[in-house]
Amino acid sequence: MNIQESIHNGIQLAFQNIFNHDLPLDQISLAPTRKEFEGTYTFVVFPYLKVSKATPEATATLIGEYLKENVAEVAGFNVVKGFLNLELNNMIWVDVFRKLFANENIGQLPSNGQKVMVEYSSPNTNKPLHLGHLRNNFLGFSVANILEANGYEVIKANLVNDRGIHICKSMVAYQHYANGETPESSGLKGDHLAGKYYVIFDQEYKKQIAELREKGQTEDEAKKNAPLLLEAQDMLRKWEANDEEVVSLWKQMNAWVYAGFEKTYLRMGVSFDKYYYESDTYLLGKDIVTEGLEKGVFFKKENGSIWVDLTEEGLDEKLVLRGDGTSVYITQDMGTADLKYDDFGISKSVYVVGNEQDYHFDVLFKIMRKLGRPYGEGLYHLSYGMVDLPTGKMKSREGTVVDADDLMQEMIDTAAQHTKELGKIDGFNEEQAAELYETLGMGALKYFLLKVDPKKRMLFNPQESIEFQGNTGPFIQYSHARIASILRKAEQIGVDYKQADFSTISTIEESESSLIYLLNDFEKKISQAGLDYSPAVLAQYLFDLAKEYNRFYADLPIFLENDPTILSFRVALSAHTAKTLKRGMQLLGITVPDRM
């Protein structure tokens, strides 16, 4: 039984013995005591005054006295109005730490026997990845790691948008203007090459619109009649008819794009277990529409189109199949949802997609639940906000979209400059320094994008993110490197902290117990981050832990301690903190250095 369980049981017994009331354990909640008050945990008594029939202060005092007498972990208490602040026997924390230190599977909860798919990235094959994709990929990869740490079997999936009119636009422009250019001949990554021709299409299309308007067409007429657009629409029809020449070009350009994406994903540090392609899934879902009609979930209008009525669910009527029998996005998404379940038997499916698609996923999930899908209740849209940049801070290729490759490189360059200025690479050779810059630059970028609640729109400040002080990735990375240095010194002077016996320690300092308290919270924070689908929960915890360790280190200089047992204890405490920071940052997809 852990400390909180013991106190919960004690509070339950207090209510039985003092107030003759059976209080269920699930109605008992402890919160961390606020820093300005003495204590570790706080029990708020206001909700129970009808039971105690006493003032808040009297109720809290009676419960506090009972716990002090009957619960070994409680050494004392203080009452502030209706807040019962419990002061724990600090030797309890030595036992807690011994159990933590012995746990080889730190940050990994037992298997829960459930499978979950996390779908993220979802790029278009007509352009490179951008800043928004960075938040998407980092969120998806981290949430997958966190769910795996919570005991799920996780499948990381990527649904690639590799077909449609936007893809044909790049292809048409390539045919007209490329003169056979390739990634090799141009020196461009394949995704940037495709993006180049998507931009050219837009530029030439606008010129054609202007020409048609000069000849007397309206804006709408010119947009519909521009030869390039008509050519792209014709190319899409040919693609759907499996025209050999069109499909050959499509395969060639997509292959270039995938090679480019792989380089970007490698630098991002993200990976996938399963790829789905819209070219394979865009015809799925029509059989589900037929099923829905038979079940009375869908209805047909006079023009032959098929709809679902979601007014009782607080939405409106939604088209699921056009009158001519062609699909809409929701049709193929229904089919893809079934395909995922058929492939893996998942009980949960997490879609990491920007908040502009909130309505779409609300509709999709309500439809699948109405259809009685076994995975219906496990559908979740991890909706995230846009990322903004301070004006003028970053360059972008087209002046509107910040390219992911450019941003990552600039972050690594900034990390190099900042690290050199601070003199943190003394003794590094060129290869080691380059690895450190990559670690710090990517760590800064990932942490800054993950520390904000996913639902919130955020401002990414590159300069602020790379600082070694404050709530940043480099601050946590530096804290880990500092501890690694301490462990190397301990090994040099022969401190055998791994085999040490701490049972003879009679007292510990407040900064030690506070650090152990936080270390003991690690798996609870992993659990919370999994329930909330929020890496921000874990990021905040790691920042708090790094801060608390630095306070402990400042209060109690380790190598000035003369007692060998206490010295070993503090080195062990340092080692476990480093292990926790490393594991926590790993769940965020961030590497920590051993020296800086």
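1. Serine 514 lies in helix H20, residues 510-520. Helices here are DSSP runs of H or I with at least four residues, strands are runs of E with at least two, and both are numbered from the N terminus. Serine 514 counts as buried because its relative accessibility is 14%. Buried means under 20% relative accessible area, exposed means over 50%, and partly exposed is in between, with a 1.4 Å probe and protein chains only. Neighbours within four places in sequence aside, serine 514 is in contact with Glu548 and Arg551. Contact means heavy atoms within 4.5 Å.

2. A word on provenance. This is a predicted model, in which local features need pLDDT of at least 70 and side-chain atom pairs count only at pLDDT 80 or more, while totals for chains, interfaces and linings use all residues. Residues are numbered from 1 along each chain as its sequence is written, and side-chain values use heavy atoms, with hydrogens and water left out.

3. The overall picture. The chain has 23 helices and 14 strands. Its C-alpha trace spans about 90 × 65 × 40 Å along the principal axes. Of its 596 residues, 53% count as buried. Among contacts with a separation of 6 or more, 73% come from residues 24 or more positions apart.

4. Helix H23 covers residues 564-587. Its 24 residues should span 34 Å at 1.5 Å a residue, and the end C-alpha atoms are 35 Å apart, which agrees. The expected span is 1.5 Å times one less than the number of residues. Burial is the rule for H23, with 18 of its 24 residues buried.

5. Both ends of H23 deserve a look. Just after H23, glycine 589 has a positive phi of about 85°.

6. Serine 568 sits in H23. This serine counts as buried because its relative accessibility is 11%. Beyond four places in sequence, serine 568 is in contact with Val495, Tyr497, Ala500 and Phe502.

7. H22 (residues 535-555) packs on H23 at an angle of about 160°, with the axes 10 Å apart. Axes are lines fitted to C-alpha atoms, for helices over the stretch in contact, and angles run from 0 to 180 degrees between N-to-C directions. H22 and H23 are therefore roughly antiparallel. That label applies over 145 degrees; under 35 is roughly parallel, 65 to 115 roughly perpendicular, and the rest oblique. The crossing is left-handed. H22 contributes residues including Leu538, Tyr541, Leu542 and Phe552, and H23 contributes residues including Arg570, Leu573, Thr577 and Leu587. A left-handed crossing has the near helix turned anticlockwise from the far one by less than a right angle, and a right-handed one has it turned clockwise.

8. H19 (residues 473-492) also packs against H23, at an angle of about 145° with axes 9 Å apart. H19 passes H23 in a left-handed crossing. Among the contacting residues are Gly473, Ile476, His480 and Ala490 of H19, with Val571, Ala575, Ala578 and Lys582 of H23.

9. H17 (residues 430-450) has 21 residues. From first C-alpha to last, H17 reaches 30 Å, close to the 30 Å expected at 1.5 Å a residue. H17 is mostly covered, with 15 of 21 residues buried. Asparagine 429 caps the N-terminal end of H17, where a side-chain oxygen lies 3.1 Å from the backbone nitrogen of glutamate 431.

10. Valine 452 is in the loop between H17 and strand S14 (458-459). Valine 452 and serine 534 are 82 residues apart in sequence but 8.9 Å apart in space, C-alpha to C-alpha. Residues up to four places away aside, valine 452 touches Arg135, Met458 and Ala536.

11. Valine 172 is in helix H6 (residues 165-177). At 0% relative accessibility, valine 172 counts as buried.

12. Two backbone points to check. Lysine 81 has a positive phi, near 55°, in a residue other than glycine. Lysine 81 is in the loop between strands S3 (74-80) and S4 (83-88), and counts as exposed at 59% relative accessibility. Tyrosine 533 also has a positive phi, near 50°. Tyrosine 533 is in the loop between helix H21 (522-532) and H22, and counts as buried at 9% relative accessibility.

Technical notes: A polar contact is a pair of N or O atoms within 3.5 Å; within protein, one must be able to donate a hydrogen and the other to accept it, and residues adjacent in sequence count only if both atoms are side-chain atoms.
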